[in-house]
Amino acid sequence: MDDVSTMVARQYEAYAYPEPFSDLEAQIAAGYQQFGDPSRYGPLIWPEGRPRQKLRILCAGCGTVQAAYFAFTNRDCEVVGVDLSSSSLAHERFLQDKHGLTNLRLFQGDLREVGQVGQQFDYIVCSGVLHHMADPDEGLRALASVLDPAGAMLLMVYGATTRTGVYLLQDALRRLNVPQSPEGVAFGRRLVGQLPSHHYARWYTSGAEELKHDTAFVDTFLHPQDRAYTVPQLLEMLEQGGLKLHSWIDNGLYFADAALNEFQPDVREAVARLPDAEQWAVVESLTLRIGMHMAIARPAAVASRIDFDAPDWDLLRPQWMPDFRCIRAASGQQPAQFRRGSVTLDLGPTESALLAAADGSRSLRDIFALPLLASMPPAERAARGGRFFSQLWRMGHLMFSRAPS
Ligand SMILES: C[S@@+](CC[C@H](N)C(=O)[O-])C[C@H]1O[C@@H](n2cnc3c(N)ncnc32)[C@H](O)[C@@H]1O
């Protein structure tokens, strides 16, 4: 292990992350979920169709819960969890025993040596880990080396803009030699409480519920090794690793349509006209809402962005993102209301009927042929329908597959 892995391991032995819980079933019933779970996000990860039922899944830097979670929600798959921290793995083992997860194997070690597991994976989950390595590019290369050529990775790395205040505070606490200990945490908490209201770290802490747990406080403010990425930096890291961005988990944070809805139309439209990667970079700088980048990356040869300008775009099959819901049906003059996270969307009767047809079984072409659009000439159905569905995709409410689900 290098010095950084040793320091990082020491932290996660003492402050295993995330704050563990004791029952996956109860936690999931109460609404807990991991983004990018293939049992729910399959079409987004593999629009061409899931490569095989029994996926080989790696959770690299699994922490206390993640590998058990993926084994629990994907019982028909084989899950391998790797982590530096034996105390984190002990909790994974506790969950494994509790829920009888015979499809889970756990290894203590550095993900840079993941090749020693002697296996290729269809899906690699690495969230909140690479940014704690001395050389994240090396970590990503190690993961890419065990990824099946048709595989996919869920990566989460910190977003630089939102975390500006975190780094100011980390720097101050480091210079003050504040230790990772109950006393250090208590001192850090008192310090945060005295920051002026305009301090960037205060703005960060106001949106971070989990900081009430000491393990999250240490992870955020007393971490010895931590960096963050802007969109261009993340895209560059993927390219260096022979990967490409295949999809964001939440398009709504990156495309101007939803992310800039508090801006005037002229600004929103100017940003929307930019090529995608430029648009995401500008949106990130204008909104400061991306504290974490959650992305699906795939080997460059198989990464495929959804493209509404492709000749066969209307063969795409839309379906709702897992956390998108109808919370009120249209009635009389009242529009239907939909929700995803904190975002709500009001839609009239025709649009909500179009959306109801987006169940993954029909292509856009099938949907445009439904009787509900019969009064419109065919070219107009495709033009208006295309605009509607592509916008809902950019808002993060839909995913598309090319194969029946
Ligand atoms: C912030 S936690 C994230 C845990 C989990 N991925 C999640 O999202 O809940 C980071 C985890 O990565 C592990 N880790 C950090 N560097 C690692 C490395 N080089 N190899 C293996 N695990 C590592 C730590 O021990 C810790 O458990």
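Buried means under 20% relative accessible area, exposed over 50%, and partly exposed in between (1.4 Å probe, protein chains only). This is a predicted model, where local features need pLDDT of at least 70, side-chain atom pairs count only at pLDDT 80 or more, and totals for chains, interfaces and linings use all residues. Residues are numbered from 1 along each chain as its sequence is written, and side-chain values use heavy atoms, with hydrogens and water left out. The briefing covers the ligand, the cysteines and the cavities.

**Ligand site**
- The ligand is surrounded by 20 residues, each with a heavy atom within 4 Å of it.
- The closest are Gly61, Gln66, Asp83, Leu111 and Ser127.
- This shell holds nine nonpolar, eight polar and three charged residues. Nonpolar covers Ala, Val, Leu, Ile, Met, Phe, Trp, Tyr, Cys and Pro; charged covers Asp, Glu, Lys and Arg; the others, Gly among them, are polar.

- A polar backbone atom of glycine 61 sits 2.7 Å from a ligand nitrogen atom.
- For leucine 111, a backbone N or O atom is 2.9 Å from a nitrogen atom of the ligand.
- Serine 127 uses its side chain: an N or O atom there is 2.6 Å from a ligand oxygen atom.
- The ligand alone exposes 590 Å², and the protein buries 95% of that (Shrake-Rupley method, 1.4 Å probe).

**Cysteines**
- The whole structure contains zero disulfides, a disulfide being a pair of cysteine sulfur atoms within 2.5 Å.
- Cysteine 59 is in no disulfide; its nearest cysteine sulfur, in cysteine 62, is 6.4 Å away.
- Cysteine 59 counts as buried because its relative accessibility is 0%.
- For cysteine 77, the closest cysteine sulfur is in cysteine 59, at 11 Å, so the two are too far apart for a bond.
- Cysteine 77 has 1% relative accessibility, so it counts as buried.

**Cavities** (sets of points, on a 1 Å grid over the protein atoms alone, where a 1.4 Å probe fits but cannot get out)
- The whole structure has two cavities of 30 Å³ or more.
- The largest cavity holds about 80 Å³ of space, a volume being the space filled by probe spheres set on the points.
- Its lining residues, with an atom within 4 Å of a point, include Pro43, His246, Arg305, Trp393 and Phe400.

Note on methods: A polar contact is a pair of N or O atoms within 3.5 Å; within protein, one must be able to donate a hydrogen and the other to accept it, and residues adjacent in sequence count only if both atoms are side-chain atoms. On a 1 Å grid over the protein atoms alone, a cavity is a set of points where a 1.4 Å probe fits but cannot get out, and a pocket is an open set with protein on both sides within 12 Å along at least five of seven lines; lining residues have an atom within 4 Å of a point.
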